[in-house]
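Subject: Structure for you to look at, with notes

Dear colleague,

I am handing over the structure we spoke about, and my notes on what was found in it follow below. Please keep the viewer open beside this email while you read.

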Amino acid sequence: MTPGRQQGGGVARLCSLLVLAAAGHALAAPPREVQVFTDYDEHSLVIDETGNPQGCLLDVVAELMRRAGNRSPVQILPWSRALHLTRTTAYAALFPVTRTAEREAQFRWVGPLSFEVAGLYRRRGRQPQVSDLEAAKHLRAIAVTHSWYQHELLAGKGFRNLEVLTTQEQGIRMLLAGRVDLLAADSSTLLGSLRNIGHTMEELDLAFVFWRGSNYLAFAPQTPTAEVARWQAALERMKADGTMRALSARWEQSGRAPCGAAGTLFRARPP
């Protein structure tokens, strides 16, 4: 073999070794950090004596992040801001997000984390009687909270009589004052909203259930499928080893910031 061929062969072997080393480094590289957002929802979070937020779903997601090797802390932002960032930023996720047909293509989903029911509520012992959503379209006004999934669902079904408000508490006040006929609300937040303004569920009747579904950790649509699958696998391991059930039981017993309404967390199917 000539010296030139020997040198060329050495260069080729060196290039091959460099390619293999680069491939090995890529395989060993840690997963990219995901920015995880939630909003300060006093129905699902409490502030402890040190000023830090605590809650069942927060604990669940924190453990999920640990198992996924994600070291960044959960960022608490206003809901609209967190929703916008998750929709537009790669490697971002938001919880809890209710999974609906209208939102299906907007995110990649890991869950479910909890289940809930959405309905139309009226003042106890008062009209109107509601047999279906078509009848509700002809009422004077229905209070909904802006950008919450109840708003999206009803608007998507052609409702033109929605009184869109900033907070659920505003809707409750308007309902009890007779300024709207119904309030669209879900089982996971209504009790807390009533308590915030000095009212109870005894003052309301559930007139009609229009949706049953689940809450998820919603990833940005740009997030790679393999990354979402990795987080889903970590969540399934948490379910299998009893971690999720143990967290749910601890918070339900405390009565503070429970994981789901009336113990609806981690059942096999929605109630």
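Among contacts in the protein between residues at least 6 apart in sequence, what percentage join residues at least 24 apart? The figure is 73%, where contact means heavy atoms within 4.5 Å.

Before the details, please note that this is a predicted model, in which local features need pLDDT of at least 70 and side-chain atom pairs count only at pLDDT 80 or more, while totals for chains, interfaces and linings use all residues. Residues are numbered from 1 along each chain as its sequence is written, and side-chain values use heavy atoms, with hydrogens and water left out.

The protein has nine helices and 10 strands, taken as DSSP runs (H or I of at least four residues for helices, E of at least two for strands) and numbered from the N terminus. Of its 271 residues, 45% are buried; here buried means under 20% relative accessible area, exposed means over 50%, and partly exposed lies in between, with a 1.4 Å probe and protein chains only.

The cores

In soluble globular proteins, nonpolar side chains tend to be buried together. A nonpolar core is taken here as a set of buried Ala, Val, Leu, Ile, Met, Phe, Trp, Tyr and Cys residues joined through side-chain atoms within 4.5 Å. The largest such core has 26 residues, and Leu217 and Trp231 are the ones that touch the most other members. Two or more residues come from each of helix H2 (56–67), strand E5 (92–98), strand E6 (108–123), strand E10 (204–219), helix H8 (225–240) and helix H9 (243–254), and H2 gives the most, with seven residues. Apart from this core lies another, of 17 residues, which includes Ala136, Leu153, Leu154 and Leu162. Leaving aside neighbours within four places in sequence, Leu217 is in contact with Trp231 and with residues including Val36, Leu64, Phe95 and Val110.

The 16 residues of H8 should span 22 Å at 1.5 Å a residue, and the end C-alpha atoms are 22 Å apart, which agrees; the expected span is 1.5 Å times one less than the number of residues. The buried residues of H8 are Glu227, Val228, Trp231, Gln232, Ala234, Leu235 and Met238. They cover an arc of only 155° around the axis, which puts them on the same side of H8, the arc being that of the directions from the helix axis to the C-beta atoms. On the other side of H8, Thr225, Ala226 and Ala240 are exposed. Gly242, which follows H8, has a positive phi, near 85°.

In helix H6 (residues 168–176), the buried residues include Ile172, Met174 and Leu175. The buried residues of H6 pack against elements that include E6, E10, strand E9 (182–186) and helix H7 (190–196). H6 is followed by Gly178, whose phi is positive, near 80°.

Arg140

Gly178 also takes part in what was found at Arg140, whose side chain reaches the backbone oxygen of Gly178 at 2.9 Å. Arg140 is found in the loop between helix H4 (133–136) and strand E7, and Arg140 is exposed, with a relative accessible area of 53%. Not counting residues up to four places away in sequence, Arg140 touches Asn161, Gly178, Arg179, Val180 and Asp181.

Aromatic pairs

The structure holds four aromatic pairs; rings of Phe, Tyr and Trp (its six-membered ring) pair if their centres lie within 6.5 Å, and planes under 30 degrees apart count as stacked, over 60 as edge-to-face and the rest as tilted. The rings of Trp109 and Tyr216 have centres 5.7 Å apart and planes at 80°, so this pair is edge-to-face. Trp109 lies in E6 and Tyr216 in E10, so the pair ties together parts that are 107 residues apart in sequence. Tyr149 and Trp211 form a tilted pair, at 4.9 Å centre to centre with 55° between the planes. Both Tyr149 and Trp211 are buried. Thr100, in the loop between E5 and E6, touches Tyr149, Leu153 and Trp211, not counting residues up to four places away in sequence.

With best wishes

Technical notes:
Polar contact = N/O pair within 3.5 Å; in protein donor to acceptor, adjacent residues only side chain to side chain.
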